[in-house]
Amino acid sequence: TREQASTSEAERDGQIRYLSASRRRGAEQARQQRTMSGADDAEWNAAFADAIKDIHGRCDFHEGAEMLRTLVKTKLLRFDDLEGNPERFFRAHRMLLAPRQIPEQSGFGVRFTVQYNLFAGSILSLGDESQREMLNTFQERGVLGCFCLTEAFAGVNSGLVVHTTATWDKSSQRFIITCENAGARKNWISQGLTATHAVVIANLRIDGKFYGPHGFVVEIRNPETGELHAGVSVEDMGVKTTANDLDNARINFDNFSVGREALLRRFADVQDDKYVQTTKDRMRIEILGQRLLTGRLAIAQASCNFGKALFTQTKAYADNKVCWAPKGQAPPKLSEVPHIAAIFREGEEKLDTLSRYAAAVETRLCEVLRTRAIPDLDLVEAIAVAKIQCVQTPITLLNKLVREVGSYALSYDSGFGNIQWLLMCQFAEGDTRILMQKLARDSMKAYQKSSWTDAGKDIVFGTSAEQQEMKVRFQLSRALSAAATPQDAGRLWNENYELVYELANAVCARHISKAIGDESRQVLFAKL
């Protein structure tokens with residue numbers, strides 16, 4: 001289905017500029033009251049649990065959107081809690097993102113994190129004060145938004161590539177957002193069929209010069225009629241294998257005209273037709289991708305919790321499932337069969353270890369969020385490790401378990417049909433393989449810059465995890481040493497993909513060992 005419609009530019013721009021001075025003062029007073037009252041966590045947990053208890057996935061995406069709108073308007077979780085109360089932000093995601101009723105394949109958690117993290121969170125981190133304050137009215141009205149980053153020819157296996165452009169038009173003093181070709185159309189945009197607003201990531205162009213990807217907050221539909229504005233068209237991505245209560249769209253921008261105020265202006269602005277950097281920090285991928293970091297950690301925690309819940313539920317079944325035994329012997333329970341008991345032990349140990357690691361990373365990230373700082377490279381890498389291991393490990397463990405519990409795994413109530421939900425988590429907010437490739441490349445770059453003295457210190461005095469990483473670096477370096485040209489280097493890197501991924505796992509082991517102790521490395525990476 002393809003929609004297209006239009007409204008006047010003046011009307012749309014007027015709807016973006018919501019807040020009066022009195023509203024801003026009221027919003028600030030409300031924030032202060034929340035801080036002073038400091039509602040007890042237990043009370044908040046109970047209130048939030050009550051608010052989400054009737055949310056389900058047995059509906060179409062229109063009803064799913066309305067359930068989110070209702071939740072947003074309760075203000076139990078504020079859009080600015082991402083910075084003001086980040087622990088509550090992550091707690092809400094843990095409660096919602098993983099399917100709470102395991103058999104139910106719901107996409108509501110994804111819809112929730114798109115709204116609070118990617119859409120509102122991007123405005124919070126990239127916007128100036130007036131744009132941040134706009135979030136109060138968005139929450140009051142239950143405005144739904146989407147996040148337009150991924151493009152058709154720049155999917156999960158390509159990293160951050162943006163071909164959509166936002167060109168500054170001097171004559172109209174407006175930005176013209178355009179998907180330059182079919183490959184630049186925004187792809188698999190969650191909540192794209194129901195959202196009235198969007199944060200669009202586009203390559204900013206002024207006087208023919210590109211300044212790289214920037215964020216723009218725009219209204220794509222008339223909130224009253226639902227009609228798309230001129231220059232915007234959407235297409236339903238179709239029926240999925242899971243989470244069909246969530247709408248996913250392909251969105252095309254064709255000379256979509258938006259006002260100057262659409263540019264998220266904390267770090268950059270256009271003044272007198274010139275590009276202006278507004279802070280000492282220039283706009284770059286580490287800044288633009290901040291919400292991908294919070295999203296990665298939220299997904300990591302939810303995936304780990306989902307794995308633990310499914311293991312717990314299956315263990316309860318296996319503890320009561322009586323198996324055959326020869327005459328005269330006590331019949332064992334399914335969970336007592338040696339190789340199945342080993343899988344349950346492995347699952348408990350690994351998932352508990354990863355939960356502790358994710359909690360340690362959350363503590364570090366919350367401090368950064370509260371101060372509105374830019375995460376350092378070590379924290380960025382630690383979050384990538386959480387995303388990789390907390391998603392991939394449950395997938396691996398559950399694929400082992402599903403083959404050992406017989407026809408129970410075919411039952412709808414078993415929850416095993418929901419494993420595909422973990423596949424969504426695998427490529428959302430950064431595909432596992434892309435993140436592992438980056439970990440390995442960055443490790444090799446650090447190795448190439450280091451001296452033999454530094455390398456020797458790691459070998460002799462480093463932790464077990466550091467020693468293992470250095471060992472794999474040596475092996476991969478030898479494999480790449482035959483390269484005579486950059487093309488040779490690329491070919492050899494690809495041919496030695498097993499060593500590349502072994503190095504990535506060694507980096508993961510180093511981070512986990514550093515955060516929660518070396519014994520955790522032994523639990524998760526016994527083969528390293």
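This is a predicted model: local features need pLDDT of at least 70, side-chain atom pairs count only at pLDDT 80 or more; totals for chains, interfaces and linings use all residues.

Residues are numbered from 1 along each chain as its sequence is written, and side-chain values use heavy atoms, with hydrogens and water left out.

Me: How many helices and strands does the protein have?
Reply: Helices (H or I, at least four residues) and strands (E, at least two) are taken as DSSP runs, numbered from the N terminus. On that basis the protein has 19 helices and twelve strands.

Me: What percentage of the residues of the protein count as buried?
Reply: A residue is buried under 20% relative accessible area, exposed over 50% and partly exposed in between, with a 1.4 Å probe and protein chains only. The protein exposes about 23400 Å², of which carbon and sulfur atoms supply 51%, the areas coming from the Shrake-Rupley method with a 1.4 Å probe and, for residues, only the protein chains shown counting as cover. Of its 528 residues, the share that counts as buried is 53%.

Me: Among contacts with a separation of 6 or more, what share comes from residues 24 or more positions apart?
Reply: Contact here means heavy atoms within 4.5 Å. Among the contacts with a separation of 6 or more, residues 24 or more positions apart account for 75%.

Me: Is H16 roughly parallel or roughly antiparallel to H18?
Reply: Axes are lines fitted to C-alpha atoms, for helices over the stretch in contact, and angles run from 0 to 180 degrees between N-to-C directions; under 35 degrees counts as roughly parallel, over 145 as roughly antiparallel, 65 to 115 as roughly perpendicular and the rest as oblique. Helix H16 (residues 464–480) packs on H18 at about 160°, the axes being 9 Å apart. The two helices are therefore roughly antiparallel.

Me: How many nonpolar residues does the contact of H16 with H18 have?
Reply: The residues that meet include Val472 and Leu476 in H16 and Leu503 and Val507 in H18. Ala, Val, Leu, Ile, Met, Phe, Trp, Tyr, Cys and Pro count as nonpolar, Asp, Glu, Lys and Arg as charged, and the others, Gly among them, as polar. By these classes the contact of H16 with H18 has three polar, five charged and ten nonpolar residues.

Me: How is H12 oriented relative to H18?
Reply: Helix H12 (residues 377–401) packs against helix H18 (residues 497–516) at about 110°, with 10 Å between the axes. That makes H12 and H18 roughly perpendicular.

Me: Which residues of H12 make the contact with H18?
Reply: The contact of H12 with H18 comprises six nonpolar, three polar and four charged residues. On the H18 side, Asn505, Val507, Cys508, Arg510, His511, Ile512 and Lys514 take part. On the H12 side, the residues are Asp378, Glu381, Ala382, Val385, Ile388 and Gln389.

Me: How is H7 oriented relative to H10?
Reply: Helix H7 (residues 108–126) and helix H10 (residues 290–320) pack at about 135°, their axes lying 9 Å apart. H7 is therefore oblique to H10.

Me: How many polar residues does the contact of H7 with H10 have?
Reply: H7 contributes Asn117, Leu118, Gly121, Ser122 and Ser125, and H10 contributes Gln290, Arg291, Leu292, Thr294 and Gly295. By class, there are two nonpolar residues and one charged residue, and the polar ones number seven.

Me: Is Asp207 buried or exposed?
Reply: Asp207 is placed in the loop between strand S6 (197–206) and strand S7 (209–219), and its phi is positive, about 55°, although it is not a glycine. At 51% relative accessibility, Asp207 counts as exposed.

Me: What is the relative accessible area of Trp188?
Reply: Trp188 belongs to strand S5 (residues 186–190), and its phi is near 55°, a positive value in a residue other than glycine. Trp188 is partly exposed, with a relative accessible area of 44%.

Me: What separates the C-alpha atoms of Glu367 and Pro86 in space?
Reply: Glu367 lies in helix H11 (residues 338–371) and, at 45% relative accessibility, counts as partly exposed. Glu367 and Pro86 are 281 residues apart in sequence, yet the C-alpha to C-alpha separation is 8.6 Å.
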